[in-house]
Amino acid sequence: MKLKNRIMVGFLMIILFPLILFAAVLYGTAYSQSKASYQMQSEVENDYDISIADHEGGEVKLRVMVRDVIYSVLLILALTAVAVGLWIYQSVAAPLVKLKKATQNIKEGNLDFELETDGDDEFAELFRDFEEMRVRLKESAEEKLLMDKENKELISNISHDLRTPITAVKGYVEGIMDGVADTPEKMDRYIRTIYNKTNEMDHLINELTFYSKIDTNRIPYNFGKLDVTEYFDDCADAMEMELENEGFRLHYQNFVAPGVRVIADGEQLGRVVHNIIGNSVKYMDKEQGIIHLRVKDVGDFVQVEIEDNGKGIAARDLPNIFDRFYRTDVSRNSSKGGSGIGLSVVRKIIEDHGGKAWAASREGEGTTMYFVLRKYQEVTIE
C-alpha cells in the first residue's frame, strides 16, 4: 500500500473507529435504559406504590451508567491510539530506523551490507534506490583502491627501471671523468652506452606520460587513411635496423594487395608494433633472436602477426598478459625492465581503432601476437 493511502486509512481509523465504538456504547446504554424504563413502567401499572428509595436507586444507576460510558470512551480512545500508533510505527518509523542504520553504515565506511526490501510503496522504492547507490559506492571505492594500487605499482616499476640506466650512466660518466676511457674506441663505446641508456630512460618516461593519458581517456589520436603496404614496409625497415643493432633478425612478409587501406593513427599503430616487438626482445632467451612480422588479408580485416622464438608464455598466464601491470615473471628480474603496461597499451589502442588483439604461445618455442584492423572501403552513392 502506498504511503499516501496508508496515511488516509490511518486518518479515517482515528476518526471512524472511536465514533463507531462510541456509537455502539451509546446504543447499548440507550437500549439498557429503555429496557429499564419499560420495566419500571410495568411495575408502576401493576403497583402504584412508588417509594423514595426506588427513585434514589434510579439516580444511582444513572450515575453508574454515565461513569461506564466515560470509561468506555476512554478505553476506546486508548485502544485506538495504541492500534493506530503501532500501525503507523510499523509503516513509517520502522523503515526510517532501518534506513538510518544503513546511512550510519555508509557514514562509517561500511559498504558490505544489503538493504533488503519488499513491497511497492514509497519506502520500498527508496530502499531500492538506496541499495543501488550503495552498490555503486562500493564499486567506486573498489575501483579507487585498484587504481591506487596500480598507480603505486607503476611508480614502483618506473622507479626500479629508471635506477638501472641511471646507475649505468653514472658509472660510465665517472669512468670518463677518471680517465678510464683513455682511447678513442673506449670513449666512443662509453658515449654510445650513455646514449642508449638515456634513450631507455626517455622511453620509460614516455610510457609514464602515455599511461596517464590512457587513464583519463585522453589519448591524442590523429586518424587518417593509411596504405597498409606502404606503412608496414616503412615500419619493417625501421624496426629491422633497430633490431640488427641488438643482434636480432627480422623477417617481414606482406600478403596484402597494393592499395588496401585502413583508418588508423600511424603514430599510435607504430607504438603497438614497437611495444610487441619490444616485449619479444625483452624476454628472448635464445642466442639468435628471430622475429617474424606478417601482414595478411583476412576478408574485411587486415591481420598483423608478430612471432618470436623466445621462451614463450605459460598457458595459465596467457589470458592475462594484456591486463595492466600483469607480469609473467613475478620475481621481476631487473634485467627485463619495463613498466608492465606495454601490452595493455597495445590492447587499448587496437580496441580504440575498432580492432582486436590476442596472443598464442608455446613454452620454450615462442609467442605470436595478433591484431586486426578493419579495411577502409569506399561507399558509392548512386
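This is a predicted model: local features need pLDDT of at least 70, side-chain atom pairs count only at pLDDT 80 or more; totals for chains, interfaces and linings use all residues.
Strands β5 and β7 run antiparallel and are joined by seven bridges. Strands here, like helices, are DSSP runs numbered from the N terminus (E, at least two residues, for a strand; H or I, at least four, for a helix), and two strands pair if DSSP finds at least two bridges between them. Residues are numbered from 1 along each chain as its sequence is written, and side-chain values use heavy atoms, with hydrogens and water left out.

Let us remain with β5, residues 301-308. Six of its eight residues are buried, so the strand is largely enclosed by the rest of the structure. Buried means under 20% relative accessible area, exposed over 50%, and partly exposed in between, with a 1.4 Å probe and protein chains only. Within β5, Val302 has Leu373 of β7 as its bridge partner, and Asp297 also stands opposite Val302.

That brings us to β4, residues 289-298, which runs antiparallel to β5 through eight bridges. The hairpin of β4 and β5 has two residues between the strands, and Gly299 there takes a positive phi near 75°.

Which residues does Thr368 touch, leaving aside those up to four places away in sequence? They are Glu305, Ile306, Glu307, Trp358, Ala359 and Ala360, where contact means heavy atoms within 4.5 Å. Thr368 belongs to β7, residues 366-374, and counts as buried because its relative accessibility is 11%.
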